[in-house]
Amino acid sequence: MPMPQNEVESSVDSSRPISVMINGISYEFSDIRPDTTLLQFLRLQQGLCGTKEGCAEGDCGACTVVLGRERGGQIFYQPVNACITLLPMVDKAIIRTVEGVAREDGALHPVQQALVDHHGSQCGFCTPGFVMSLFAGWLNGHSFTGVELDDLLSGNLCRCTGYGPIVRAAESLAHHSFQSWENERISNEKRFLENCRGLPALSYDVGGYFYTAPDSIDGMSMAYLAQPDAQIVAGATDIGVWINKQNKKISKFISIQDVSDLSKITESDNGIFIGASTTHQEASKRLSASFADMGELWRRFGSVQVRSNGTVGGNIANGSPIGDLAPALIALNTKLHLRCGEEKRQVDLENFFITYGKQDRRVAEWVEGLFVPKLSEGWHFNCHKLSRRFDQDISSVMGAFALRIGNGIIQEARVAFGGMASIPKRATSLENELIGQPLRPKKIDEDWIDNALQTDFNPLTDVRASSAYRLLAARNLLQKCRLKLATGVSIRLTENEPLH
C-alpha cells in the first residue's frame, strides 16, 4: 500500500519529476516513494479502480494495463502487470487503464463491444484484465487466432471459467481496423513521447527512498559502485513479488531500463550477445531463429505480461533454481559478462550459480549481458520443460541437451537440468556416459542413464514432484531428445504438434 501522505512529503530531492501520460492526460509526480507499485498508485491516488488486485504476483492478470513506449519512431504497446510494476518504471511512457479504452463520449471500444456481444463478462472482477490484454493485441495488430490468441490470454485467469465466450469475443476482432478517433488518440500519445526524448535521467529521493535511472552503461556502473547496496531493477517481475509477498523493504533502486545499449541484441558469426535489459519477448524472437526449441520454451515462460517486462539479465542475476532459461543457456555454453565500475570479466554461466541464493557476483558487480555461441557443425540442441500446467507454471523438471553427433554416435554432450538441484546444474556423469552411445536409444529404460543421474543429482521432493519422479522424468526427457534427433519426429503434447 502507498505510504500515508505525511511520510511521502518529507525530504523530497528530485532531478525532475516522473513524467507519464495516463488515459490521454499527462502528469508529473515527484513526491511518491519509488517502492509504490503502479497498481497502488492507480487505485489509491488516481481513483482508477477498474484495475483490480488479485494475486499481487503477476499471475492472474486482473491488474493488467497497457504500457506504451516509443521504439523507432513508433509506439510499441504491451500488456503489463501493474501489481509488480514500480511507478518510476513507467517514466516517459503511456499508460492506458480499462477506464481509458472507450471513446471520450462513452462509446465502447470494439474490444469492449465484442465482450458484450459474446457474453464474455461474468462476475466482472477479471474482465478489465482481459479487456486490456485484448486491447494490447488490438493495438499491435494481433491475428486473434490459434496459438497466438492462446498466448495472448495465457496471463489472464477467469475465476468463473468463462473462457469460451471470451475466446469467441477475441476471435471476432480478427478483421476489425482502427477508427479515426483512435488514430487521433494514438497521435496525441506519440506527441507526448516525442516531448519526453530530451528529458534528463531520472533520479530522486523521497523520504529516504532513492531511485535513479542512468541512461548509459558507464553511468549505471558508476551509480552501482557508489551504492552497492542498491537493488538493480529492470522489469521487476521478481522484485515486485518480493515487495508484495515477502514484505521485503527496499529503499534504494538503480534502474537499467533507460540504458539503451543494455537492451540491444548483437549477432556475429560466432554467436549472439544479449544485453541485460533485453526483455524475454525480444530475446525469444532472436534466439528462436537459431535454436528452435528456445521459442517453445519461452512461450511457456510466464505470460505475455511477464515476457513483455521481464528481462533475461534479471532472470539470470536473481539465480532462481527453477529458472527455465538457465539450463538451456548452460547447455549452449553461454558466457556471462559482468562489470564492476570500469572492470569487466566473463564467466561460464554454469559456474555463476554457486548454491541456492548465491552467485559468483562480487560487491558492486552486475550482469551486463550474455553471449550465446552458435552451434558448430555436428551439434544439435534440444530442450524440454515438464510442468503440471502448460502456461505460467514452475517446472518440475527442465532438461536441456546439446549433443555432437557423428555417424549416428554421440561424440560430445552438454546436458543441464533445472529443478533437479538447488541450482541449475550440468549432469557431468551423464555427459561422460553419453559419449560413444548410439543416438537412437536401444530402449527407454537404460540402466546406465539412471545410475548416472543418481550420481549427478539427489533431487528434493516437494509439492511439484517427488525425487523419484524427477529422476525418472530427467531420464525420459533425455530419451525423448535422442528419439527426436534420431528420427526427425517431434514428440510433443500440444494441439499444433500432436504426439507421434
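This is a predicted model: local features need pLDDT of at least 70, side-chain atom pairs count only at pLDDT 80 or more; totals for chains, interfaces and linings use all residues.

**Exercise 1. A tyrosine and its partner**

- Step 1: find the residue. Tyr211 belongs to strand β8, which covers residues 209–213.
- Step 2: check burial. The cut-off for buried is under 20% relative accessible area. Tyr211 has 0%, so it counts as buried.
- Step 3: list the neighbours. Skipping residues within four places in sequence, Tyr211 is in contact with Pro34, Pro88, Met89, Leu202, Ser203, Tyr204, Val233, Phe253 and Ser255.
- Step 4: look for the polar pair. The partner is Ser255, whose side chain makes the 3.4 Å polar contact with that of Tyr211.
- Step 5: Phe192 sits 19 residues from Tyr211 along the chain, and their C-alpha atoms are 23 Å apart.

**Exercise 2. Another tyrosine**

Is Tyr77 buried or exposed? And which side chain does the side chain of Tyr77 meet in a polar contact of 2.6 Å?

*Solution.* 

- Step 1: Tyr77 is part of strand β5, residues 74–81.
- Step 2: read the accessibility. The value for Tyr77 is 3%, so this residue is buried.
- Step 3: collect the contacts. Beyond four places in sequence, Tyr77 touches Val66, Leu67, Gly68, Leu139, Asn140, Ile186 and Glu189.
- Step 4: pick out the polar one. Glu189 is the partner, with its side chain joined to that of Tyr77 by a polar contact of 2.6 Å.
- Step 5: Lys344 is 267 residues from Tyr77, and the two C-alpha atoms are separated by 35 Å.

**Exercise 3. Polar side chains under cover**

What relative accessibility does Asn382 have, and which side chains make polar contacts with the side chain of Arg33?

*Solution.* 

- Step 1: start with Asn382, found in strand β18 (residues 379–386). Its relative accessibility is 1%, so Asn382 counts as buried.
- Step 2: Neighbours within four places aside, Asn382 is in contact with Asp293, Gly399, Ala400, Phe401, Cys481 and Lys484. Asp293 also gives a side-chain to side-chain polar contact with Asn382, at 2.9 Å.
- Step 3: move to Arg33, in the loop between β3 (25–29) and α2 (38–45). With a relative accessible area of 7%, Arg33 is buried because the value falls under the cut-off.
- Step 4: name the partners of Arg33. The side chain of Asp35 makes a polar contact of 2.7 Å with that of Arg33, and the side chain of Tyr209 makes one of 3.3 Å.

**Exercise 4. Positive phi**

Where do Asn333 and Ala364 lie, and what are their phi values?

*Solution.* 

- Step 1: Asn333 is in the loop between α14 (325–331) and β13 (335–340). Its phi is near 65°, a positive value in a non-glycine residue.
- Step 2: the relative accessible area of Asn333 is 24%, so this residue is partly exposed.
- Step 3: Ala364 is in the loop between β16 (358–359) and β17 (366–373). Ala364 isn't a glycine either, yet has a positive phi of about 65°.
- Step 4: at 5% relative accessible area, Ala364 is buried.

**Exercise 5. The whole chain**

Why does the radius of gyration of the protein chain agree with a compact globule?

*Solution.* 

- Step 1: for 500 residues, a compact globule would come out near 23 Å; the chain has 24 Å, so the two agree.
- Step 2: get the extents. The C-alpha trace spans about 70 × 55 × 40 Å along its principal axes.
- Step 3: count elements. The chain has 18 helices and 21 strands.
- Step 4: check burial. Buried residues account for 55% of the 500.
- Step 5: check contact range. Of contacts between residues at least 6 apart in sequence, 66% join residues at least 24 apart.
- Step 6: finish with the surface and charges. The chain exposes about 21000 Å², with 48% from carbon and sulfur atoms. The mean positions of its 50 positive and 57 negative charges are 4 Å apart.

Methods:
Residues are numbered from 1 along each chain as its sequence is written. Side-chain values use heavy atoms; hydrogens and water are left out. Helices (H or I, at least four residues) and strands (E, at least two) are DSSP runs, numbered from the N terminus. The radius of gyration is taken over C-alpha atoms; the globule rule is 2.2 Å times the number of residues to the power 0.38. Buried means under 20% relative accessible area, exposed over 50%, partly exposed in between (1.4 Å probe, protein chains only). Contact means heavy atoms within 4.5 Å. Accessible areas come from the Shrake-Rupley method with a 1.4 Å probe; for residues, only the protein chains shown count as cover. Lys and Arg count as positive and Asp and Glu as negative; His and the chain ends are not counted. The place of a charge is taken as NZ of Lys, CZ of Arg, CG of Asp or CD of Glu. A polar contact is a pair of N or O atoms within 3.5 Å; within protein, one must be able to donate a hydrogen and the other to accept it, and residues adjacent in sequence count only if both atoms are side-chain atoms.
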